[in-house]
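Before you read further, please take a moment to look over the chain.

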Amino acid sequence: MPLTGPWTTSGEEEERKLQVELLTLVHVQQPFQHYVLPPGPGGPGAFYATTSVVESMRKVQEENAALILSRALQMCKEKMVKAETLVLSGDAKDMICQATEQMHTDLLVVGSHGHGKSKV
């Protein structure tokens, strides 16, 4: 995927065109909390989800991740960009930083899906 702009020279553009680039699309899911603490002055206590509810929520999360990454892969394919996907579970800022370090990433682009400001 060649980069163009005022910061590149024609020689750099040609070199980038010859390189095989791989884009890794990462989706980080928050782990599902199987308990809820009641708000307000109700005293101590918690409500726990049943195993079937937890499994159902995990399945929904997996389906959502697959849908999001499928759309992203299709966009890459249309632009002839070689891409792979990775689904992680945990706190987004920690997981993105860990993945970036482990993959020795050259460039990181972060999106928030409109859920608010990025915290990375």
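**Notes on the predicted model**

1. The protein is made up of 3 helices and 4 strands, and it should be kept in mind that these are read from a predicted model. Followed along the sequence, these elements come in the order α-β-β-β-α-β-α.

2. Of the 120 residues in the protein, 13% are buried, while the accessible surface amounts to about 9800 Å², with 57% of that area belonging to carbon and sulfur atoms. When contacts between residues at least 6 apart in sequence are considered, 58% of them join residues at least 24 apart.

3. Helix H2, which runs over residues 51–78 and so has 28 residues by the DSSP assignment, spans 41 Å from its first C-alpha to its last, close to the 40 Å expected at 1.5 Å a residue. Just after H2, Met-80 adopts a positive phi of about 60°.

4. Which residues of H2 are buried? They are Val-54, Ala-65, Leu-69, Ala-72 and Cys-76, and the buried residues of this helix pack against strand E1 and strand E4, the latter covering residues 83–89.

5. Gln-29 lies in strand E1, which covers residues 23–29. Is Gln-29 buried or exposed? Gln-29 counts as buried because its relative accessibility is 12%, and the cut-off for a buried residue is under 20%.

6. Leaving aside residues up to four places away in sequence, Gln-29 touches Gln-61, Glu-62, Ala-65, Val-87, Leu-88, Ser-89 and Gly-90. Among these partners of Gln-29 is Ala-65, which is also one of the buried residues in H2.

Notes: Residues are numbered from 1 along each chain as its sequence is written. This is a predicted model: local features need pLDDT of at least 70, side-chain atom pairs count only at pLDDT 80 or more; totals for chains, interfaces and linings use all residues. Side-chain values use heavy atoms; hydrogens and water are left out. Helices (H or I, at least four residues) and strands (E, at least two) are DSSP runs, numbered from the N terminus. Buried means under 20% relative accessible area, exposed over 50%, partly exposed in between (1.4 Å probe, protein chains only). Contact means heavy atoms within 4.5 Å. Accessible areas come from the Shrake-Rupley method with a 1.4 Å probe; for residues, only the protein chains shown count as cover. The expected span of a helix is 1.5 Å times one less than its number of residues.
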